[in-house]
Structures are given as C-alpha cells and as structure tokens.
Amino acid sequence: MWAVTSPAPQTSPSDVPTPATDRVNLADVTPPIALGPLDGRYRGAVAPLVDHLSEAALNRARIHVEVEWLVTLCNGTTTTPGAVVPGAPTLTDAEIAYLRRIPATFGADEIAELAAIERETVHDVKAVEYFIKRRIATAPEALGETSLPAASELVHFACTSEDINNLSYALMVQGGVRDVWLPAAAALTDQLADMAREHADVPMLSRTHGQPATPTTMGKELAVLAHRLRRQLRRIEGAEYLGKLNGATGTYGAHVVAVPGADWPAVSRAFVEHLGLVWNPLTTQIESHDWQAEVYADVARFNRILHNLATDVWTYISLGFFTQIPVAGATGSSTMPHKVNPIRFENAEANLEISCSLLDTLSATLVTSRLQRDLTDSTTQRNIGPAFGHSLLAIDNVRRGLTALNVNAALMAEDLDHNWEVLGEPVQSAMRAASVAGVEGMENPYERLKELTRGQRVDAARMREFVAGLGLPDDVAARLADLTPASYTGIAARLVEDYLA
C-alpha cells in the first residue's frame with residue numbers, strides 16, 4: 001500500500017536568506033579582477049604571451065605596421081628606393097628613429113591614451129591612425145626642424161583596416177610562437193627525451209588493450225612520445241606567416257587611382273617581406289587566414305600528443321610504475337592525508353582540451369569569410385591568446401609533473417615476473433623459425449602456446465618445462481631458457497639511442 005505523506009511546509013519569503021545589501025560588487029573592485037583564469041590564477045605561467053598576443057600587443061603591432069608603411073611610402077623599398085608617393089618627404093635617420101620609438105615605447109600611458117581615442121572614434125584601427133598623427137604633430141618638439149608633419153596624411157594611406165590587422169596578427173602570432181610557445185614546448189620535449197635516455201634499459205610490462213603484453217622499456221615508451229612531439233615541433237618551426245597589403249578588396253584600387261605610376265604589387269611585396277612575413281599576392285579584403293589554420297592545426301596536434309603523454313603518465317602513476325615526490329607542505333586531499341595526487345597531469349589534460357577546442361574553432365572559422373569580407377574573424381582572432389595560453393599552461397604543468405617523478409624499477413620487475421605468459425610470443429616465433437629450418441615436431445606453434453598461456457598465469461618453472469620438452473635445437477633451447485620477461489625487451493634501448501635525436 002502506498003504511504004500518504006504530508007505536503008512539505010511552505011517557506012515564507014521572510015525565511016529565505018537574501019544577500020546583504022552592502023555586498024561588494026566584485027566588478028567594481030580596483031584593480032580589476034580577472035574574469036578568466038589565465039589572467040588570474042594562472043597568470044604567472046602564461047604572462048610571457050601578453051607581450052605578443054594581448055589586446056595591447058595588437059595595438060602596438062598596428063602602430064608598428066603603420067609606422068613602417070609610412071617610412072616605405074616616403075623612402076621606398078630596398079628594390080625601389082625613393083618616395084613611392086610623389087612629393088613625399090625623404091625621412092632622415094633621426095625621423096625614422098623617432099617614428100619607430102612610437103611602438104617601442106608603447107606602455108601603460110599610451111594604452112590609456114589610445115583607449116580614450118577609440119572611445120571617440122568607435123573604431124580601433126582609426127584610433128591608431130589618430131594616435132600616430134598626434135605623435136607626428138609633436139615631432140618638431142623632439143626633432144627641431146623636421147619634415148614629418150608634411151607626411152602626416154600618408155599614415156594609413158590607401159589602407160583598409162584589414163591591411164593593418166592581418167599584418168599585425170601575423171607578427172603577433174609569429175612572435176608568440178617563436179619567442180614563447182616554441183621554446184617552452186622544445187624544453188618540455190628535451191626534458192622528456194632526457195628521461196627516455198635515462199630509463200632506456202629499465203624493463204616494463206606493456207599493456208596493449210590494458211592487458212599484459214610484450215615487454216618494453218620505460219625509456220622506449222617515453223621516447224616514442226618525445227619523437228612524436230618533436231616531429232610536430234619541426235612542422236611548427238617551418239610555418240609560414242603570410243601577409244597582404246592591397247586595399248579594400250585586394251585590387252589596389254585606391255593605390256592605382258592615387259598614384260598610377262607606382263608598381264604597387266612590387267611595393268606591397270617588398271613591404272610585407274620587410275616585416276619578416278611571406279607575401280600573399282591574391283586576396284579579398286582580408287588575408288585568407290589559411291596559414292593561421294595550418295599553424296593552429298599543428299599546435300593542436302602537438303597538444304593532443306601531449307595529452308596522450310599526460311594520460312599515459314597518469315596511468316603509470318596509478319600502476320605504481322612512477323612514484324611522485326611529495327611537495328613539502330602540499331595537501332593531496334582535504335580528507336585523506338596519505339594522497340599525492342597527479343594533479344599536474346590532470347591540470348594539463350584539461351587545459352590541453354580547452355586549447356584544442358579554441359584552436360579547432362579558430363582553424364574552422366578563420367578560413368571562411370562571406371564574399372569579400374565579413375567580421376567573424378575580428379572577434380575570433382581575439383581568442384588566439386587564450387588558445388596558446390591554455391597550451392602553455394599545460395606545458396608548464398607537464399614539465400613540473402615530470403620533474404616530480406621517480407621510476408619504480410623494483411615494482412616493474414615484480415610485475416614482469418608475475419607474467420611469464422608473455423613469453424608465449426617469442427617461444428612460438430622460435431618454433432616457427434625452427435620449422436622453416438626443417439626441425440621436426442614444431443607443428444601448430446601458435447595453437448600450442450595459446451593452449452598453454454591464454455587466460456591463465458604461467459610461472460617460470462612451467463614455461464621452462466614447456467620449452468625443454470619441445471625438442472628445439474640446443475642453441476635455440478638455451479636462448480629461450482635464459483629468456484625472462486625482464487630480458488624480453490628486444491632492442492628497445494638501442495632504438496632510444498639510435499632514433500631519439
């Protein structure tokens with residue numbers, strides 16, 4: 001019979017706790033509180049990327065590009081010296097140095113000034129133009145007699161915003177990858193390679209499908225991952241960073257109308273290459289971003305291999321093959337004092353997944369732009385920094401996690417000694433070879449070893465008894481009699497030595 005229950009007592013509004021009316025609004029706290037963890041909790045690990053992939057870095061890069069374009073229009077290129085725009089003043093070394101100090105000295109005060117200009121223009125690139133023109137207007141105070149003010153209208157000459165933005169992002173990503181991400185990733189890979197060499201001859205039971213399998217060495221397994229990571233680094237090191245400067249729809253329309261006598265594709269190419277980028281000759285209003293998709297795909301693949309490393313090391317820790325060095329004063333669990341958790345590898349897993357999600361989205365979104373231009377790329381590219389930030393954070397965690405590991409060779413040896421059945425593979429292979437050589441009694445080697453070993457434990461005595469009764473040639477029988485799970489590692493150590501550069 002169903003029990004009849006009384007309805008729950010009703011709570012009056014006066015019984016419901018309400019927030020204190022004088023509660024601090026955290027959004028109003030100064031200095032501002034970070035919304036995301038990369039600029040808050042994890043700032044220390046990712047701070048170097050701020051100099052390359054932050055909003056301030058974007059504006060500094062824009063100023064740099066605008067300044068270099070102005071210098072090019074006045075003084076020409078290495079292949080076509082002289083003013084590109086007739087009547088433009090030839091800039092002196094002092095004037096060029098003055099202009100180049102504008103991005104070089106772009107700091108807190110300048111960031112605030114530019115933000116104030118943008119609040120008026122409601123356009124970020126136009127604000128950069130006006131910012132530079134202010135500096136040009138005050139140039140005589142610093143240089144004395146100068147022709148710079150006469151060149152003021154050449155700032156942003158014949159450019160669409162994307163001419164400046166695409167070059168700025170290319171320089172930013174190039175700098176962030178080459179100066180920050182790649183060195184960190186290479187240091188991690190070198191650290192892993194050192195561990196692989198150190199443990200190249202430490203035998204370990206493999207687990208294919210999670211089941212005991214042909215032994216290997218800890219070093220060889222780490223070497224596989226180091227080798228895979230290094231291959232991705234070589235691809236990333238060879239990445240191309242493309243740029244364009246060809247106007248509102250890629251036709252040099254304004255350029256040709258304003259200055260029909262200039263070889264604008266040649267000027268554009270020389271300028272882009274002067275910046276250290278690869279020239280893209282055919283675009284719509286935007287540089288097509290294909291190079292970005294290529295770089296982000298390679299970084300994401302590196303992330304996924306590193307994720308594989310993190311999960312494998314986590315599993316080796318759970319098996320006891322690695323022991324973790326406790327950090328003095330650290331707490332592994334709030335209630336279980338014995339625990340030393342593999343938090344570095346778990347943190348890395350999560351951040352690698354977040355990074356890959358962002359990188360995949362960047363790669364998929366940036367290669368498409370409706371007709372000659374849409375602005376989906378504008379807000380998307382502002383997430384390049386977080387994409388690399390989560391990867392860099394993961395790299396930092398893995399490096400610190402690896403530093404705190406010791407190999408438990410004794411436990412690995414014990415694990416091997418409990419699994420003599422893995423020698424079924426070399427025994428049946430030796431029987432096959434003997435059969436081909438004409439030895440009698442070697443029929444059905446696989447099936448005979450399967451009957452002996454499948455689904456059951458075999459100890460040393462049972463395996464040696466089986467081998468002794470096979471009638472193998474003396475040299476083969478002796479070789480198998482000496483074989484143990486711990487010595488059945490093939491040329492694993494040599495592979496580490498020969499192929500882990």
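Author: In this predicted model, a residue is called exposed when its relative accessible area is over 50%, buried when that area is under 20%, and partly exposed in between.

Reader: Does D39 count as buried or exposed?
Author: D39 takes part in a salt bridge with R43, whose closest N and O atoms are 3.3 Å apart. The relative accessibility of D39 is 51%, and the cut-off for exposure is over 50%. D39 therefore counts as exposed.

Reader: Which residue forms a salt bridge with R382, and how many residues apart are the two?
Author: The closest N and O atoms of this salt bridge are 3.1 Å apart, and the partner of R382 is D124. R382 lies in the loop between α14 (376-381) and α15 (384-403), whereas D124 belongs to helix α6. The pair thus links distant parts of the chain, D124 and R382 being 258 residues apart.

Reader: Is D124 buried or exposed?
Author: D124 is linked with E55, R62 and R382 in a network of salt bridges. R382 is partly exposed at 31% relative accessibility. D124 has a relative accessible area of 15%, and because the limit for burial is under 20%, D124 is buried.

Reader: Which helix holds D360, the salt-bridge partner of R304?
Author: The side chains of R304 and D360 meet at 2.6 Å, N to O. R304 is in helix α12, and 56 residues separate R304 from D360. D360 is in helix α13 (residues 343-366).

Reader: What geometry does the aromatic pair of F106 and F131 have?
Author: This is one of eight aromatic pairs in the structure. The ring centres of F106 and F131 are 5.9 Å apart, with 85 degrees between the planes. Planes over 60 degrees apart count as edge-to-face, so the pair of F106 and F131 is edge-to-face.

Reader: Why does the pair of F106 and F131 tie together separate parts of the sequence?
Author: F106 lies in the loop between α4 (93-104) and α5 (108-121). F131 lies in helix α6 (residues 124-137), so the parts tied together are 25 residues apart in sequence.

Reader: Which residue lies over the face of F131?
Author: F131 is buried, at 0% relative accessibility. A side chain lies over the face of the F131 ring at 4.0 Å from the ring centre, and it belongs to R135.

Reader: How many residues apart are W181 and F302?
Author: W181 and F302 form an edge-to-face pair, 5.0 Å centre to centre with 75 degrees between the planes. W181 is in helix α8 (residues 161-198) and F302 in helix α12 (residues 290-319), and their separation is 121 residues.

Conventions: Residues numbered from 1 in each chain as written. Predicted model: local features only at pLDDT ≥ 70, side-chain atom pairs only at ≥ 80, totals over all residues. Heavy atoms only, no water. Phe/Tyr/Trp six-rings, centres within 6.5 Å; stacked < 30°, edge-to-face > 60°. Helix = DSSP H or I, 4+ residues; strand = E, 2+ residues; numbered from the N terminus. Buried < 20%, exposed > 50% of the residue type's maximum accessible area, 1.4 Å probe, protein only. Lys NZ or Arg CZ within 6 Å of the ring centre and 35° of its normal. Salt bridge = Lys/Arg side-chain N within 4 Å of Asp/Glu carboxyl O.
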